[in-house]
Amino acid sequence: MEILQVKDLQVTFNTQDGSIKAVNRLNFSVKAGDILGIVGESGSGKSQAVMSILGLLAKNAQTQGQVLFKDQQLLGLSNKQLNQIRGNQIAMIFQDPMTSINPYLRISTQMTEVLQVHRGMQRKAALALAIDMFEAVHIPEATTRIHFYPHQFSGGMRQRVMIAMALLCEPDILIADEPTTALDVTVQAQIMKLLLELKQKFGTTIILITHDLGVVAGVCDHVLVMYRGEMMEYGDVTSVFHYTQHPYTQGLLKSVPRLDQPQQALYAIPGQPAPANQHFAGCPFQERCEQALQHCQEYKPALRSITTGHQTACHLTQ
Amino acid sequence: MLRYIIKRLLGMIPTLLVIITLAFFLIRLAPGGPFDTDKTLPEEIQLNLDKKYHLDESLLQQYFRYLWQLLQGDFGPSFHYQDYSVNELIETGFPVSLQLGLSAMILALLVGLSLGTLAALKQNTSADHLVMSFSMTGVSIPNFVIAPLLLLLFAVHLDWLPAGGWDSSRPSTIILPVLCLALPQIAYIARLTRASMIEVLHSNYIRTAFAKGLPMRLILMRHALKPTLLPIVSYLGPATAGVITGSVVIEKIFSIPGLGRFFVLGALNRDYTLVMGVVIFYGLLIILFNFIVDLLYAWLDPKVRY
Amino acid sequence: MFRLKNTDITQPVKGRSLWQDARQRLIHNKAALVSATLLLTISLLVIFAPLFSPYALDDTDWEMMSIAPDWDSQHYFGTDALGRDLFVRTMHGGRISLLIGVVATLVSLVIGISYGAIAGYLGGRVDAIMMRVVDILYAMPFMFFVILLMVFFGRNILLIFIAIGAINWLDMARIVRGQTISLKNKEFIEAAEACGSSPLKIIRRHILPNLLGIVAVYVTLTIPQVILVESFLSFLGLGIQEPNTSWGALVNEGAQEMETAAWMLIFPASFLALTLFCFNFIGDGLRDAIDPKDR
């Protein structure tokens, strides 16, 4: 069952420097219980895309298209309507646990309020549930620590707290925006393991945003590759990694240093992403693409299925 | 927490000492004595006066004598108003200044916080611009310019309010002085609140609060309020100093018999003990107040406490 | 058919430098621009306008006391209770007020930068103590001490400069200290050195621009504070000595006569308020240009 469907999503920002199209014609869907990884550089629009799902974009943003959650269109809903879904059916955790939790309130308050608002629970019952969740994310001494302030936790612990907070209402979808980027590598592995474990336990669908292909390979079922707001490649992880179609994805994979092969120099995709307010008539990646054709500059490649469930937007495959 | 309190209390002592010492030596070192009048006193009387007020002792001796007296809560006799002790003068003037100053502070906080919040929530709308313009005006135009203008308007032309005097039983005498004293503070607090709230509302943890589906009112009251208040609490110290300073001018304009007026008179009359008394008294007040503010800050910000 | 793009990663990316960014923002700030123009006008007026009037600063005219603004007699702003031309006096007052503003700000600049740099550079306990002193002083009614100074050491114009300058250095000290500390940060300098920059270049490219900008902002915001302090003193009768005058002194005189001769209050008060306004707008504009936040 497709729990989330994104159709022709566009996100535009009106700024002093002109209008910036952060997301352009995004199309994908997520099956219930899946883990989808969204990969891209900074400026690829991956964060903006997921923020639009929950209506968390800045005031100068305009959205077009459809985001269907259980067949309900989310774009254009009022704040009041969205509040029923946020934290309740779709939850989100953010990149920096240091600044994403209110340092002036106790964790217990920040956790129980979710249950009080969405489930109408009394504080005592909510607290008990919160402690249970603490244990589910493996925070020791849960009964004492639940009353701590955020600064009394370490970075990795804080991310666990965020995860616990997000899963309190047992949401259908958990969106994790680069949850481990700000953490040590060892802690990273722990958090990923935790997410997998929780997915097994609660059956949550997870949308994971990351720029780390290793994480994608280890944890995700499907992967969506974005560049400059547009989809480059999308499909089953195995298929995308082994039968990579898009030059950008190929470039990304080539850029990962390998320990099993002798390497002379580190590979980097040549060039730089163009400034944010630049619009492309054709493929946005063609400037940096080593296999680009004249055609690529003028015509946008359409999304084409290579095999079942594996799509790419590139003229070379057509 | 207790350690924090004790630390702060101990910190107050050297500050107070500095103020006392500074004031003492400053006044003593100035040319002119307390009894310089147009008439030159016969030498015998001068000597007797010197002896009575211990002016014949060395500066250092006078200093320690004064310190000792202070510890006993005695500010000494007024040099100029010879029938009164400084304590008595302070007792007459302070209650009035306290009423004036406290009312002004409370007004400033209430109005300033409200205006600032309004401006922050309606950022970049006409409401915001209005508040900011008013704030800029309040901060730029000194209150000794506004006060006479308001007096001109309300007391002289419209005759709605009296032109001076202070009578706590007649609210009409209180309105203008309190307003004029509060105005610059309202302006500054509004600005501060607006900036603080805008910054808080853009922070990551507020974004998380939105993502949790919490209603706006809850986000404002529970998540945004405390951090917004922090810079304002920090400002309370200088704000009080500002109100005290401002009271000097306001008391002059509205002929209010408060402590500020005594200070200026004392300064002009070279009344050493009176001037010292007022400075030390206010100094102690401010230090105490800062201490309370520190406690308040610690209560708001858990990172300071733990 | 084939077209290989030969992109060279070593080509520098054309961005906008910090200064260009700041300058652009400042130019777009209408309030700041208008204020700057106004200030310039006022400064020019204050310096040159008295030359065009037949009256001197202290010309008393017993036949023309307290007359309203009158074009024919060339008393453009009217006269005061002693028959002195208010226009000339307002201009002279402006000279004094602006002069004090600039000079006292320079004094506080020197004190503030020295104090802040020393505290930041020495660090540790010395820094902690010095900053604690600043915290305490910040909440003191300094005005009282200044008044004491004024009364007891005479109303010497030099003393006024120094005394007023001595109150306002606190903000500057804090800022400079902050900058000094972040400069002391070895990693930052090490990194620049690792890229091959000479120490002089580091200072020029990284340190000075940061320091200059923020000092400029605070200088612009300190001048009105200083002018305010001087006006305050003069209003109490403790500032500038006759026959010199300042806007504050004129406001004082005007306030006493306002029921019968409102122009005596309104002209100097307007000039004072307008000047303070302009400085504040420019200072705000500078601050936003250098460190923009969502306004």
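Two residues are in contact here if their C-beta atoms, placed from the backbone, lie within 7 Å. Keep in mind that this is a predicted model.

Q: Among contacts in chain B between residues at least 6 apart in sequence, what share joins residues at least 24 apart?
A: Start with the contacts in chain B whose partners sit at least 6 apart in sequence. Then keep those whose partners are at least 24 apart, and the share comes to 73%.

Q: What percentage of the residues of chain B count as buried?
A: To count as buried, a residue needs 20 or more other C-beta atoms within 10 Å of its own. Chain B has 306 residues, and the buried part is 40%.

Q: Which helix gives the most to the side of chain C that touches chain B?
A: In this pairing, 30 residues of chain C meet 34 residues of chain B. Several helices of chain C each supply at least two residues to that side, including α4 (124-138), α9 (199-236) and α11 (263-290). The side divides into 26 nonpolar, 2 polar and 2 charged residues. With 7 residues, the top giver is α11(C).

Q: Which helix gives the most to the side of chain A that touches chain B?
A: Here the contact takes 25 residues from chain A and 19 from chain B. On the chain A side, α2 (79-85), α3 (97-100) and α4 (107-119) each supply at least two residues. That side splits into 12 nonpolar, 10 polar and 3 charged residues. Giving 4 residues, the top helix is α4(A).

How values were computed. Residues are numbered from 1 along each chain as its sequence is written. Chains are lettered from A and ligands numbered from 1 in the order in which they are written. This is a predicted model: local features need pLDDT of at least 70, side-chain atom pairs count only at pLDDT 80 or more; totals for chains, interfaces and linings use all residues. A residue is buried if 20 or more other C-beta atoms lie within 10 Å of its own, exposed if 12 or fewer, and partly exposed in between; C-beta atoms are placed from the backbone. Ala, Val, Leu, Ile, Met, Phe, Trp, Tyr, Cys and Pro count as nonpolar, Asp, Glu, Lys and Arg as charged, and the others, Gly among them, as polar.
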